[in-house]
Amino acid sequence: MRRKIVAGNWKMNTLPSEGLALAKDVIAKSGEVSGDVELVIIPPFTHLSEVTKLASGTRIAVGAQNCARWQSGAYTGEVSAAMLGAMGVDYVIIGHSERREYFGETNAHLYEKIKQALANNLMPIFCCGEKLDEREANRHFQVVQQQVEESLFALDEGNIKQVVIAYEPVWAIGTGRTATAEQAQEMHAHIRKLLANKFGSAIADSISILYGGSCKPSNAAEIFAKPDVDGGLIGGASLVAADFIAIAKSF
Ligand code: PGA
């Protein structure tokens, strides 16, 4: 049985006091969501210390939005996976398209970050997805294949089982333009097949693959109903607790 996961990526939004209020609101409403859905909130680094304390003992897991690809040392401005783990963080997003686009993160860097995350007991949420021109050129399967192969295929079997994958077509992120449930399903099935060919079908069938990109209460149920969609990575709609919870109730 694969885990169902709904994760809220707050991106660079909320001041600490606002973030704490949002986290409290999500925790207060979390009882409305079926017990078999894992809820994850992913605030900015500056809020993690307080939010992990708040979430401790509740059903809410906490994630970070990024980590360094090095263990420690002279890397000004970076935050290590060890620091996150020590704060009680459970998950870390690796390779969000905004990090690839604005911070030059490559598939090879992302492999290093995943190794750091796993070495520090964090579960990586590895993001992949094509840009609009790549989909229009009918290269989307190939682009995602390369991302998955170059960042995940050097992992061993023990490690790959800890990874959560998020398929996020770049043209759907923050645009209001969602992939259709069919487009999500066919890419998720493609990713699962790649994993099965490399790691075997038992492992591939155990890995949760989330959809991300303009997911909202009005479209989540249709997308989550697809057999290879195991939940969502939610951006904008995760900033409103009621919307985030409504999405998680769509399973
Ligand atoms: P969105 O963002 O839901 O605002 O489109 C999703 C994401 O970037 O993870």
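Angles under 35 degrees count as roughly parallel, over 145 as roughly antiparallel, 65 to 115 as roughly perpendicular and the rest as oblique. The model is predicted: local features need pLDDT of at least 70 and side-chain atom pairs pLDDT 80 or more, while totals for chains, interfaces and linings use all residues. Residues are numbered from 1 along each chain as its sequence is written, and side-chain values use heavy atoms, leaving out hydrogens and water.

**Helix packing**
- Helix α1 (residues 16-29) packs against helix α12 (residues 241-248) at an angle of about 40°, the axes being 9 Å apart.
- The two helices, α1 and α12, are therefore oblique to each other.
- Contact (heavy atoms within 4.5 Å) involves L22, D25, V26 and K29 of α1, together with A241, A242, F244 and I245 of α12.

**Residue T52**
- T52 belongs to helix α2, which spans residues 48-55.
- Setting aside residues up to four places away in sequence, T52 touches V62, M87, G88 and V89.

**Residue S151**
- S151 is part of helix α7 (residues 140-152).
- S151 is likewise buried, at 0% relative accessibility.
- Beyond residues up to four places away in sequence, S151 touches N107, L110, Y111, I114 and F126.
- The S151 side chain reaches the backbone oxygen of N107 at 2.9 Å.

Note on methods. Helices (H or I, at least four residues) and strands (E, at least two) are DSSP runs, numbered from the N terminus. Buried means under 20% relative accessible area, exposed over 50%, partly exposed in between (1.4 Å probe, protein chains only). A polar contact is a pair of N or O atoms within 3.5 Å; within protein, one must be able to donate a hydrogen and the other to accept it, and residues adjacent in sequence count only if both atoms are side-chain atoms. Axes are lines fitted to C-alpha atoms, for helices over the stretch in contact, and angles run from 0 to 180 degrees between N-to-C directions.
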